[in-house]
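Please examine the sequence and the structure shown below.

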Amino acid sequence: MTTTIRRRERPSVAASRDGGRRGLLSRLRQDWWIYLFLLPTVLGYGAYTVYPLLASWWFAFLDWPGFATAGTFVGVENFERLIGDDLFWNAFWNSIVFLVFAVPLRVGLALVLALVLNRKKTPFKGFFRTLFFLPVVTTGAIVGVVFTLLLDASGPVSLALVWSGLIDSPANFAANAGTSLYAGIAVWVWKWLGITLIYWLAALQTIPQVVHEAAMIDGAGAWAEFRHVTMPLLVPFLVIITLIDTVAAFNVFDLMQTLTGGGPSFSSEVIEIFIFRTAFQATVPQLGYASAAAVLFGLLTMAFAIAQALGMRWARGRTGAA
Amino acid sequence: MTAATRTGVTWRARLFRRPSPGQVVTVVLLLVLGGLWIYPFAWLVSASLKSSPEIFGRGLDLLPEQPVWENYARAWTEVGFATYFVNTLVITVGTVLLVVVRSALAGYVLGRYDFAGKKLLIGVFLVTFFLPEGYTIIPITQLTDQLSLLNTHAGVILGLGAGGQIASTLLYAGYFRRLPKELEETARLDGAGHFTIFFRVMLPLAWPITATVVILTFLYAWNVYLLPLVFTLSEPGLRTLAVGMTVFVGERGTDWSGMAAAAVISLIPVIAVFVVLQRKFVDSIAGAVKQ
């Protein structure tokens, strides 16, 4: 009757109390209901997450012109073609440029705002927090469409810039090959800044008020306090927030597809748009080729995640030692 | 909240003491930045009430000459946003239910019990935590096609809710782990079985987590774009609001005011839910990160 409760403790303890190690089979029989509870997750997760993870690798070795047909095995041909495909590398580098500009901008700007909004003296804190959070809840694809209008050469952004003298003649930054990727970055930061702001505010709440008071008594100015007291305490959060935002920067299909569609002339095509276009928009779908691109994309994401996980371990070790 | 009133009082006290120049600069900068954040929404609402030529013809003037409510009627009935709205609602509700049930069940046993295979399961969760959607879309489409669920609501719901969503499972597991074990002991003495205990005792106790999971999943399912787009490429009647919006651009590219009205229709539900549950939203996200 109480065996299930007891089993919550360490297995070894439970085993000794039962007067001997229970066999795996009897454990499985007794825990049948646990597996029943897990069934929906195991089935769903197996089919919709684990299977896609593995199947992509298989698909990447196929010549596969559509879901209705069976693919033929072609070995590493897809990868060979990808390596020689300028459009793939264009998309690859666009994704990297996006990441390199957008993530520091989003993380840094959000930190500055969080520091301001965390100060006791700042008025209307709740109001500003809500305001900056508003775009976070909106639909990325719709934000993209709306910004095509806002950024139109005769739209408000262009008019305001001309009126203030920052540009000479009306311009559409989303439709210019030199600026389209950066227009996407700007809109992305606008849309997602609020959530990073909330992360930072949550991080700042973990710093006790006593620390701030101690710094004041020591006569530290605002900058000195930030540099020598707040910042070292924030380093572990910096790593995790950067990781979350980096992964987010790899999921920008909705915004970029609707804002620029990857254009003009592929200037803002990120990897996801490349995959989507190759798999679903070509007259003859190239599912194997797109899968090969997806696999390389997955490896890239994983490399960034691992690098940052290592960074996190390093940061933890450092603060632990200090 | 006491914290809010306290800061309100100090702020008022400071006003009488005359704010320092640094403070004035901070507030002015915040207001300018805040203006950049609110302007697109103001412009969108204004554009949805103008006629199409008026949108780009009147400079920065936000007020329409005369509100054109007809834009909304056109987007709703003629373009089909009524259908898109219902589709989005069905898909969102289905996904939220699926995710809540599935993650609560799994989170409960993961948080409170040891069983063979637990480490393996958690290992798989961690490895797949950051899988980008661009990576999984082709196999998921192929699987849905095999199951003959392409072009159905069920296919989209399963695609969105059956896999992934690890954060929800971990949130439940973390919460259930902290509940005292006497809860089960007492219930068991009353003769309750595993399922009664879960549905009558545990799940009701976990309502704060359920609220968080509902909010996060609602946001995700309402706003998602890639998967519904791919799943409805050959079935226009199944489009969601996000997908319908981009079709609007392709098919009626110059009906800007109709487009703006459609965008307002699509965004109103999320923004309304956000405004009502604001504090819960922010706490959910902050809480999920701290975990």
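## Basis of the model

This is a predicted model, in which local features need pLDDT of at least 70 and side-chain atom pairs count only at pLDDT 80 or more, while totals for chains, interfaces and linings use all residues. Residues are numbered from 1 along each chain as its sequence is written, chains are lettered from A and ligands numbered from 1 in the order in which they are written, and side-chain values use heavy atoms, with hydrogens and water left out.

## Interface of chain B and chain A

Chain B contributes 95 residues and chain A 97 residues to the contact between them, contact meaning heavy atoms within 4.5 Å. Together the two chains bury about 9,100 Å², and carbon and sulfur atoms account for 79% of this area. Buried area is the accessible area (1.4 Å probe) that two parts lose on being put together, summed over both. On the side of chain B, the residues that lose the most area to chain A are Trp37(B), Tyr135(B) and Ile138(B), which together give 10% of what that side buries.

Helix H2 (residues 21-48) of chain B supplies the largest share of the side of chain B that touches chain A, 15 residues. Helices (H or I, at least four residues) and strands (E, at least two) are DSSP runs, numbered from the N terminus. By class, this side of chain B has 63 nonpolar, 19 polar and 13 charged residues. Ala, Val, Leu, Ile, Met, Phe, Trp, Tyr, Cys and Pro count as nonpolar, Asp, Glu, Lys and Arg as charged, and the others, Gly among them, as polar.

Chain A is divided into domain 1 (1-30) and domain 2 (79-321), with bounds from an automatic or database domain assignment. The C-alpha centres of these two domains of chain A lie 49 Å apart. An unreviewed UniProt entry lists several spans of chain A as "transmembrane region", including residues 32-54 and 233-253; such annotations may be inferred rather than shown by experiment. Residues 32-54 of chain A are 100% helix, with end C-alpha atoms 28 Å apart. Residues 233-253 of chain A are 86% helix, and their end C-alpha atoms lie 34 Å apart.

Over all chains, the structure holds six salt bridges. Asp245(A) forms a salt bridge with Arg106(A), with the closest N and O atoms 2.9 Å apart. This pair links distant parts of the chain, 139 residues apart: Asp245(A) lies in helix H12 (residues 222-249) and Arg106(A) in helix H6 (residues 86-117) of chain A.

## Domains of chain B

Chain B is divided into domain 1 (20-68) and domain 2 (75-290), and their C-alpha centres are separated by 33 Å. The area buried between these domains of chain B is about 680 Å². In domain 1 of chain B, Leu44(B), Ser48(B) and Ser52(B) lose the most area to domain 2, together 58% of what that side buries.

Note on methods: Salt bridge = Lys/Arg side-chain N within 4 Å of Asp/Glu carboxyl O.
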